[in-house]
Amino acid sequence: MSFCSLGIINPLQSMQVYCQNEPACSCCSKTDIKLQVCSKCQFAKYCNTDCQKKHWPVHKKVCQAWMPIGILVKKSLSKSNSIFPLIISQASSRLTKVTPLLTELFNQKVQGEKWALDLGCGYGASTMHLLQLGWKVIALEKNPKAIAEIQNSNQAYLKTNQLIVINRNIQDYDYSKKVSLVVITDVISYIDPKLIRGIWEKIYGVLEDDGHLIGSIFSKGGVAQEALESQGAWLLNSQEEVESILDSEQAYKKLVCRRRPKRDKSCVVEFHLQKQVSSPYKEK
Ligand SMILES: C[S@@+](CC[C@H](N)C(=O)[O-])C[C@H]1O[C@@H](n2cnc3c(N)ncnc32)[C@H](O)[C@@H]1O
Ligand SMILES: [Zn+2]
Ligand SMILES: [Zn+2]
């Protein structure tokens, strides 16, 4: 499926971001042939083994960093009835708390027009925190019940266009409106692993230079592990695996990466990244 054919509001604006995901050979950029996917990361695509070999010195580092996701992709592909999309991946209570990292870092009123994108916002705890600080927020969530509730309790913000609410899947959003902050907390691990790298690229594309990314990914070892797994979320093996993905393309400055502070060891590895202006995101 071509990403460029998805519902794009302004094709000219969003073309660049979307077409990064066009199926093209990662080495020679050919598009009109059958491509094979790298068996390790399950993301890079090649026309043939020649192209794959030629590209390896460039691809190696990123490939290794993303291999844990590649393993999850293989696992979910090998199951006859894939567990994705998940049934239980909706915020269960409306009283979700704002992730500590967001309240620690963003606690002052903003000047001028600042846009944030809250991906998988649930019942809108982070969205509301940011609105109160004067941010303009695009809140995106797939659960219509949560969306209705956010709309009901934020009429004033909606009227002034300080808040835009979108009932959609993260993978189907057009990512055309640039923002200076993306929030994606406790969401990534509920999404089909084969979509993650593509979403990761779109997030990079939607951020302004020096823009911030606050998010979290679940990892094994914490007390909530079983509960999360029974909900169908995937967990990386360690905080190191999360860090390796965060560092993979030298696309961001890594400002914080820690287990979410709790009484017990937490499964949630939360991170704060800042987009690097000068660094080349793509491997080439
Ligand atoms: C555990 S809640 C987290 C909510 C909020 N981000 C927070 O930190 O409190 C996960 C949310 O992600 C949403 N979600 C999961 N997969 C999604 C997808 N592919 N697109 C949009 N929302 C998604 C669920 O409906 C749910 O509301
Ligand atoms: Zn090729
Ligand atoms: Zn690879």
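A residue is called buried if 20 or more other C-beta atoms lie within 10 Å of its own, exposed if 12 or fewer do, and partly exposed in between, with C-beta atoms placed from the backbone. By that rule N161 is exposed, because 8 other C-beta atoms lie within 10 Å. The model is predicted: local features need pLDDT of at least 70, side-chain atom pairs count only at pLDDT 80 or more, and totals for chains, interfaces and linings use all residues. Residues are numbered from 1 along each chain as its sequence is written, and chains are lettered from A and ligands numbered from 1 in the order in which they are written.

**Overall make-up**

- The protein has 9 helices and 9 strands; helices (H or I, at least four residues) and strands (E, at least two) are DSSP runs, numbered from the N terminus.
- Of the 284 residues in the protein, 40% are buried.
- Among contacts with a separation of 6 or more, 63% are between residues 24 or more positions apart; a contact means that the C-beta atoms of two residues, placed from the backbone, lie within 7 Å.

**The annotated domain**

- An unreviewed UniProt entry places the feature "domain: MYND-type" at residues 25-63. UniProt positions are given in the numbering used here, feature names are shortened, and annotations may be inferred rather than shown by experiment.
- Residues 25-63 are 38% helix and 10% strand, with the end C-alpha atoms 15 Å apart.
- Q42 lies in the loop between β1 (36-37) and β2 (45-46). Its phi is near 60°, a positive value in a residue other than glycine.
- Q42 counts as buried because 21 other C-beta atoms are within 10 Å.

**Helix α2 against α9**

- The axes of α2 (residues 49-78) and α9 come within 8 Å and cross at roughly 130°. Axes are lines fitted to C-alpha atoms, for helices over the stretch in contact, and angles run from 0 to 180 degrees between N-to-C directions.
- The two helices, α2 and α9, are therefore oblique to each other. Angles under 35 degrees count as roughly parallel, over 145 as roughly antiparallel, 65 to 115 as roughly perpendicular, and the rest as oblique.
- The crossing of α2 past α9 is left-handed, that is, the near helix is turned anticlockwise from the far one by less than a right angle (clockwise would be right-handed).
- On the α2 side the contact residues are A65, W66 and P68, and on the α9 side E241, S244, I245 and D247.
- This contact of α2 with α9 has 4 nonpolar, 1 polar and 2 charged residues. Ala, Val, Leu, Ile, Met, Phe, Trp, Tyr, Cys and Pro count as nonpolar, Asp, Glu, Lys and Arg as charged, and the others, Gly among them, as polar.

**D247 in α9**

- D247 belongs to helix α9 (residues 239-247) and is partly exposed because 15 C-beta neighbours fall inside 10 Å.
- Leaving aside residues up to four places away in sequence, D247 touches A65 and K254.
- The C-alpha atoms of D247 and V62 are separated by 9.0 Å, although the two residues are 185 residues apart along the chain.

**Helix α2 against α7**

- The axes of α2 and α7 (residues 193-206) come within 7 Å and cross at roughly 140°, which means that α2 is oblique to α7.
- From α2 the contact uses W66, I69, L72, V73 and S76, and from α7 it uses P193, K194, I196 and R197.
- By class, the contact of α2 with α7 divides into 6 nonpolar, 1 polar and 2 charged residues.

**Helix α4**

- Helix α4 (residues 125-132) has 7 of its 8 residues buried, so it is largely enclosed by the rest of the structure.
- The buried residues in α4 are A125, S126, T127, M128, H129, L130 and L131.
- Just after α4, G134 has a positive phi of about 95°.

- K142 sits in the loop between β4 (136-141) and α5 (144-153) and is buried because 20 C-beta neighbours lie inside 10 Å.
- K142 touches R168 and N169, not counting residues up to four places away in sequence.
- K142 and I166, 24 residues apart in sequence, are 8.2 Å apart in space, C-alpha to C-alpha.
- N161 is in the loop between α6 (155-159) and β5 (163-167); N161 is not a glycine, yet has a positive phi of about 60°.
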